[in-house]
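Welcome! Open the model in your viewer and follow along, stop by stop.

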Amino acid sequence: MIKQKAEKKSFDKMFFITAIFLWVIGNALVYSAVATQTSGPLVGIFKNQVIWTAMGIFIVFVMISVPTHWYYKITPVIYVATIILLIIVLVKGVSVKGAGRWLLIGGLKIQPSEFAKIGLLLVLARYFTKNEISLQNPISLVVPALLILVPFGLVVKQPDLSTTLALVSMSLPIFYWAGMTLIEIFYLVSPVLSTIFAILPLIVIFVQRGIPNSDLEVLADNVQNSYFGIICAIPWAIFFVLLCFVLYRFRLNKFLTIIVVSVNLFFASLATLIWENTLDQYQKVRVISFIKPQLDPKGSGYQVIQSVIAIGSGRILGKGYLEGTQVNLAYLPEQHTDFIFSVLGEQFGFIGCFFIILLFFLFVARALYSTRFVNDRFFNIIIVGAVSLLVYHIFVNIAMVIGLMPVTGLPLPFLSYGGSFTITVSILVGLILSANANNRNL
């Protein structure tokens, strides 16, 4: 239950200072990424980012001053408003690089899918304030599933794959905090794992064999397909046996057991069929360019190649602030947004990257530590969801720029340029600080 009486406030200075420090570093990196641009669309980027950051910090202070019970009351309004914005962007959205994700409001370009993260976070926190969730009670999944599927479907329609995955990555930890066990979480993500284990060997073999250059090579590949099929089935078979063992060991009811097994079989079979019979060679190359970007060095692999070169050339100490071939000559696409970590790596080397990762770790650890003292379930869940969302962005972005994950267009919190994303991060910081300031057991 949300308490409306005034409580003693406790401002988490360490958490706030860490956030400010990251924002300052981010603005410095954005400046270094565009400093050599004297004309074109990147001119004024740094000025815009400073303005957005100042607005974000202002929002943080405003949110701290707002009585916490107000957030609980206005959550339905915020959720509905984000859904309306997502619908509007599908009708009147501005298309950028093939995706209609932006709205022009008063001369400003905003990305509604960013604010959908906040709307979903708040509405799930409000729902689970008085409700729990468990696979053993399938009815308990209906309302959360509907709350997630509405923004999920609208964001997929834009399309914006990275944001849809962010919504899921935030929801799973919230489910756990709301009562779902780790085993039940495993059941929920098992179809995704089945897909990965089914298709990963096919991807590895495709990379090793390369693209056939002649009809003779194509014929040879077809002859070997049956052998490769057996080999590729081994990792998924091991996973499936493990899944069956877990299902037997923890005694999920028969109906849900049948559903989990059936869905896993379906996803694994579908992924294999699509890879083998639907995707053309060039489509496969695009999918796996993060594993071997040299397969398409001038296309989908170009960003990863330039990013790895930039980070690697920084070595231990880096080339120095405002220095670096990849950055200053603009070889690296989107270096002020999605690939800002590459700018950091080239200019400050391994030491700079390690320092930023350490700051992120302190930021996340401090936020999670506060859940021990926040006595309000609504805000406790908000902290977990907000941290999960930020961790997802941090992990995926860094893995993306070093070539461990596909390029998804996901910005790095505090460091990447972007108005809507900066405001989203500031709201998450404001919610965490507000929870700490007003809901501690003192």
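The lining of the largest cavity is made of four nonpolar, three polar and no charged residues (nonpolar means Ala, Val, Leu, Ile, Met, Phe, Trp, Tyr, Cys and Pro; charged means Asp, Glu, Lys and Arg; the others, Gly among them, are polar). This is a predicted model, in which local features need pLDDT of at least 70 and side-chain atom pairs pLDDT 80 or more, while totals for chains, interfaces and linings use all residues. Residues are numbered from 1 along each chain as its sequence is written, and side-chain values use heavy atoms, without hydrogens and water.

Select Trp 23, Gln 49, Phe 414, Ser 416, Phe 421, Thr 422 and Val 425 to see that lining. A cavity is a set of points on a 1 Å grid over the protein atoms alone where a 1.4 Å probe fits but cannot get out, and lining residues have an atom within 4 Å of a point. The volume, the space filled by probe spheres set on the points, is about 40 Å³. Helix H15 (residues 419-438) gives the largest share of the lining, three residues; helices here are DSSP runs (H or I, at least four residues), numbered from the N terminus.

Next, colour helix H5 (residues 142-157) and helix H6 (residues 161-177): their axes, lines fitted to C-alpha atoms over the stretch in contact, come within 9 Å and cross at roughly 165°. H5 and H6 are therefore roughly antiparallel (angles over 145 degrees).

Now show the side chains of the contact (heavy atoms within 4.5 Å), including Ile 148 and Phe 152 of H5 and Leu 167 and Phe 175 of H6. The residues of this contact divide into nine nonpolar, three polar and no charged.

Definitions and conventions:
On a 1 Å grid over the protein atoms alone, a cavity is a set of points where a 1.4 Å probe fits but cannot get out, and a pocket is an open set with protein on both sides within 12 Å along at least five of seven lines; lining residues have an atom within 4 Å of a point. Helices (H or I, at least four residues) and strands (E, at least two) are DSSP runs, numbered from the N terminus. Axes are lines fitted to C-alpha atoms, for helices over the stretch in contact, and angles run from 0 to 180 degrees between N-to-C directions. Angles under 35 degrees count as roughly parallel, over 145 as roughly antiparallel, 65 to 115 as roughly perpendicular and the rest as oblique.
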